[in-house]
Amino acid sequence: MRKRFFSGQALLLGLPLWFLALFYFLPFGAILTYAFFPQGALELSGVRELFTDAYYARVLGFTVWQAALSTLLTVLAALPAAYIFARYQFRGQTLVRALTTLPFLMPTIVIAPAFIALFGPRGAVNTFLMNLLHLENAPLQLLDTIWIILLAHVFYNYTIVFRIVGDFWSKLDPQLENAARVLGAGRWRAFREITLPLLLPALAAAALLVFIFDFTSFGVILILGGARLATLEVEIYRSAANLFDLNLAAALSLLQIGLTLLLILAYTKLQARLAAPVRLRPQNVTRRPVKTRGEKIFVALNLAAMLFFLLAPLGVLVLQSLVTPQGIGFANYTALNANPRGSALFIAPTDAIRNSLLFASVTVAFAVALGLLAAYAIVRTRKGGGALDALFLLPLATSAVTLGFGYIVAFSQPPFDFRAAVWLIPVAHTLIALPLVIRAVLPLLREIKPNIQEAAAMLGASPARVFREIDLPIVARAVLIGAVFAFTLSLGEFGATTLLARSEWTTMPLAIYRLLGQPGLGNYGQALALSVLLMLVSAVAIALMERVRVGDAGEF
Amino acid sequence: MQSAPLLAVRQIEKTYANAALLRGISFDAAAGEIVCVLGPSGTGKTTLLRIIAGLEQAAGGQILFRGMDLQNVPPHARGFGFMFQDLALFPHKNVAQNVAFGLRMKNVSAAETTARVHETLALVGLDPAAFATRDVNHLSGGEQQRVALARTLAPRPPLILFDEPLGALDRGLREELSAELRALLKRLQATALYVTHDQDEAFALADRLLLLNAGCIAQSGAPVEVYQKPANEFVARFMGLTNLLEIRTSKIQGAVCRVETDAGIFVLDALTAAADATARFLLLRPKALERIVAESTRDENSLRGRVVETQFRAGHQQIIVETRAGKFAFEWDAAIELNQEYIFALDAQALQLVAA
């Protein structure tokens, strides 16, 4: 079997590598060239500007401290829930756990309108306060402040800490803490000296992952942060799209790429340590039912707070999308079909929906085909499979805005003059989706071990029958899971698309962004309606995937 | 008339990485017999089993089933059952679908398949109503074991090959399941070849043991026979009979055999001791200590040594005696003092000669 690896098969398995070379490394190289040799000769003005202008030091400083603060708050917010789910057993636990993944699986671009719907000047909280206190103006002015950014980041990343730390905690042997108690440690002392150190690798891994997401956060900050608050990511976008200072954008991109690569590297190192020499116990041993009155109140309060915080923004988004000047109704939705003169978009929002679905479909085809090939190559390569795996993970470490910018620089001159080529959009989406598709497909492909095929043969299945009964169904499931990943990712992709799409190719996230940037109740309502549609489509796709998932498949 | 064996293995050879792994293995298995292939890891037990299944090619030799050469019969056409060490349950099929797989391959009707699946699940101790639709990935280790067994048994194969299927379980569960498995196989009158490295498991299961060492059959026989008359040092040690004294000289004088060792002189009944001039070891069986004797009342068949350790085992006390020729372990139920030197009289019936 392994001998067939050469020739045609090698060519096919090489395709993902070529794709990576052309659409990842080439743009990456173009950015490098642009940062140092904008006109062919060494020119350090962009890089120098970066280091001499105090403004960029402030941008970098803000990027780091908002990410650090967001991370700290996320960890603090999620720890109590992680503890409750790790140590207690109660009815509805599985359902609540599934619900908590919702915010993280939503496209980031939906989160900004959701928080505007909740805390904006016309938002639910302000309307409530104005009615309650008979005020003329909105009392809470959170838009364009750090506070709403922090809230949105905590909301979005809560699940990561809750899941990673909670799952690890639920497998820690409670006997260890009991042993410490017996030896004379108080409850808090036992936690600090035993549980916390054991939990630390999981805690650090989760925090670092959250930090990475907050560090490269784009849509949330662009929309909620206003003109004053800018992270590195937003600054790259502004210098490329608004100031047309490609030199500076390239220098900023380099900084961004370098820093995220370092962070990802640290994360993978930490993740390896999660396999610490701790004896992990099955969850039915570590969990106990909620018994005393105090425990009941503690668990109930925590669950209520958690559900309110995680579901309120999305719920309010749906409700506010139904609010129109004429009362409650679907006017915001029906207006999506129109393209009035002088609107924020040059096309009707329904056309944006069509564009998004078109790009998502193409992305699914590309990403699944390339992802399957790459995963096969990783599984089948006996030596170097790990290196291949790491190579295909690289795009995950690159921010979307940087990638979009890289395409602009790399593909605007011969031999690769694809200026404004519309297919670059699904290609960029494919590249971003590829690592996730591969991660989702790998564990399934690994299930096709030789002994399973042998077991089928021993039960009387001919080689053709083995392929039909064993390989094919498993691959089919992998394809479906990969497809859903690629589909939702493409639908919600904002950072790269915003740099690559011309106005007639506006997608749903772009339309939401532009509509939110325009004054007028109609635009606001339509933005919310579009966000709700985007959220619903993603939720349906994810629900479909959860149905075919086996166990805890998915290597993250 | 003696009927022909169901399975006849003839002179099977196999090399692995340029070294001989199997050097001409031959044995038979009669219908309804449970044969355990026992040996340390790396002796080619699993390879032998896979060759019989058709999953690997032998370098030489023949496999005959009901007198027919299986050389050109692919594994799926042999119709044997095979239970894998890591079970190899189909992860994308539920319990019932796993068990039904072999029946579907034989084109058994849907109605009969359902009936057989339920019957087999019940047979292996799984409630069909509770387990049929369960996801195999979410079962406990023991439950997965039972599903894999049901999947192997459901098509009622004429020969079942087991590749250390209980290897991953802890000792208690393994002992329980191996006894249960024997009862089940006997009830089904199944013919089975069972590979394991665990002698307790093999004793619990086997009608006949096949001890494999360095690619050869070291001994073949009923468990009790192998335990009572180990053919050589390897078998004795593998059976846990480690009280082996190297023989300096031995000679047969009429009805007795006189053996000289570093620990003294021993006289055995030449007939019962399996006297053999080529024997290199004297085996002192665990129950060989008869009584404590006073100083120098007799020289022959006595062992002088210091008790260095006492341990309580399930039904008896084990003592470790340090002698001039090394440490030996015996069963001894009377009171005894630690660190005290004794002279023990030995039961001549518990002494045996063992070949190298």
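Q: How many residues does the contact take from chain B and from chain A?

A: Two residues are in contact if their C-beta atoms, placed from the backbone, lie within 7 Å. Here the contact takes 21 residues from chain B and 19 residues from chain A. This is a predicted model, in which local features need pLDDT of at least 70, side-chain atom pairs count only at pLDDT 80 or more, and totals for chains, interfaces and linings use all residues. Residues are numbered from 1 along each chain as its sequence is written, and chains are lettered from A in the order in which they are written.

Q: Which elements give two or more residues to the side of chain B that touches chain A?

A: Helices (H or I, at least four residues) and strands (E, at least two) are DSSP runs, numbered from the N terminus. On this side of chain B they are helix 2 (75-78), strand 6 (81-83) and helix 3 (95-105). Helix 3 of chain B gives the most, with three residues.

Q: How many residues does the contact take from domain 1 of chain A and from domain 2 of chain A?

A: Domain 1 of chain A supplies 35 residues and domain 2 of chain A supplies 37 residues. On the domain 1 side, helix 25 (521-548) of chain A is one of the helices with at least two residues, and helix 25 of chain A gives the most, with eleven residues.
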